[in-house]
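Have the structure open as you read.

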Amino acid sequence: MRGRNEGASDAEALVLEEPRRLVARHFPIPDIGEDDGLVRVEACGLCGTDHEQYTGHLSGGFAFVPGHETVGIVEALGPLAAERWGVAAGDRIAVEVFQSCRGCPACLAGEYRRCVRHGLGDMYGFIPANRPPGLWGGYAQYQYLAPDSMVLPVPTDLDPVIATLFNPLGAGIRWGVTVPGTRPGDVVAVLGPGIRGLCAAGAAEQAGAGFVMVTGLGPRDTSRLALAPQFGADLVVDAATAEPAAALRKATGGLADVVVDVTAKAPGAFAQALSLARPGGTVVVAGTRGSGGAPGFSPDVIVFKELRIVGALGVDVTAYRAALDLLGSGRYPFADLPRRCVGLGQAEELLLAMAGEADAPPPVHGVLVP
C-alpha cells in the first residue's frame, strides 16, 4: 500500500513545546513513497523518560512529539520498506526507539543505538516537530516511519496495550540477562521495583537464576514490591527499613552474582549496588542518577571486590523479540499490572502522576491510547 492514508487528511498529535507545556496540534498526514511508511497508533507506553521530558529534567531545547513505545497498525507502506521490514499494510507492529542506517560499523555490529547517521540524537519521541512530517512520536494518532526505522511484528492475539511492554521487558532482558551474562543458578539483585525492575526480575528468573531479590524504598514502593514475587522475586526488601546486603546474606548465605540497578534519580543506590555484589560479581547500571554525585560510594570497593561495572543504555532487536515472545506466552501476569490508560486529552494528567506530582500513586504501567 502506498500513497496518502485515505481515511484522514491530518493527524492530531501532542507537542511538548517546552517543559510542562503539552499542546495539541494537527499535522498533515504525509504521502508515503517507496521506502517509508505510516503506522496508526493504537497504544504508546510511558516510562521515566516521558515524565523527565515533560518536567524538563531531560530537555532538547526544541518542540517535539514525545512517545517512544509505540504499537499500532501499518496504515501505509512503500514496497521497499515492506521488503526491508518484513511487514505488510494491516499488520500490527512495535516501533523501536532507535533508527539504523544498517551500514555503518555500529549498525553492522548490532549496536545501532550508536548509528553514525542517527545515534542517540535521532530517537523516536525526541525529534524536532519542525522536521517534516512532524509525526515523530507516539503521542499522536499516526506516527511516521522513516526509511531507517526498525519495526517488529506483534502477535495478532496480543493486546496492543500489553504489547507496549515490549520496550521495558526488552530492557529487563538485556540489562538483567544479556549484558551481565546471567547464568542458571546465579543470585540476582534488582534495585528498583518499577516496571523495568519487575521486568528484569522476570527475565532473570526466566534465564534460570537461582535466587532473585528486588529492593525498593519507602511507602511509594510498597505496592510495587508486593507485585515482585509474581515476577520471579524470592525476596523483597524495603531499603528504608532493612539493609539489603544483610537481608540477602540471611536469605542465601552470601551476596549477588549479578546486581541490576534500574533506579532513577537515586544517586545513593549505586553504593548500595556495590555492597550487594559478591567479590568478582557484576553490577549493571541502567538507571540515570540525576546528579553528579553518588553518596556513600567508595571506589576502593570496586578494587577490593574486583567488581565488573557495566553501563547499559537502550535495547536491541534480539531482546525486543524475546520480550514479545515472553509477553505472548502469558508466563507472567503483565496483563494484571496496575495501569492507567488515557487518551490524548488526559496525557498531561498521567505524566504528572508518573512524575509523583499527583495525589494518587503513579501506576506501574502508564499507556496513552490515541
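## The core

Skip the neighbours within four places in sequence, and Leu337 is in contact with Leu165, Ile195, Leu198, Leu227, Phe231 and Val364 (contact means heavy atoms within 4.5 Å). Leu337 and Phe334 touch the most other members of the largest nonpolar core, which has 104 residues. Helix α6 (residues 195–206) gives the largest share of this core, seven residues. There is also a second, separate core of 21 residues, with Met213, Leu255, Leu274 and Val285 among them.

A few terms: a nonpolar core is a set of buried Ala, Val, Leu, Ile, Met, Phe, Trp, Tyr and Cys residues joined through side-chain atoms within 4.5 Å. Buried means under 20% relative accessible area, exposed over 50%, and partly exposed in between (1.4 Å probe, protein chains only). Helices (H or I, at least four residues) and strands (E, at least two) are DSSP runs, numbered from the N terminus.

This is a predicted model, where local features need pLDDT of at least 70 and side-chain atom pairs count only at pLDDT 80 or more, while totals for chains, interfaces and linings use all residues. Residues are numbered from 1 along each chain as its sequence is written, and side-chain values use heavy atoms, with hydrogens and water left out.

## Helices

Which residues of α5 meet α11? They are Phe166, Asn167, Leu169, Gly170, Ile173 and Arg174, and their partners in α11 are Ala319, Tyr320, Ala322, Ala323, Leu324, Leu326 and Leu327.

As for α9 (residues 269–276), six of its eight residues are buried: Ala269, Phe270, Ala271, Ala273, Leu274 and Leu276. Leu274 is also one of the residues in the second core.

Cys104 sits in the loop between β5 (92–95) and α3 (105–108) and is buried, with a relative accessible area of 8%. Its C-alpha is 6.6 Å from that of Cys115, eleven residues away in sequence. Leaving aside neighbours within four places in sequence, Cys104 is in contact with Cys115 and Val116.

Arg102 is in the loop between β5 and α3 too. Arg102 isn't a glycine, yet has a positive phi of about 70°, and is partly exposed at 31% relative accessible area. Glu306, in the loop between α10 (299–305) and β13 (308–311), likewise has a positive phi, about 50°, but is exposed at 64%.

Finally, Pro132 and Pro133 are joined by a cis peptide bond, with omega about 5°. Pro133 is in the loop between α3 and β6 (142–145).
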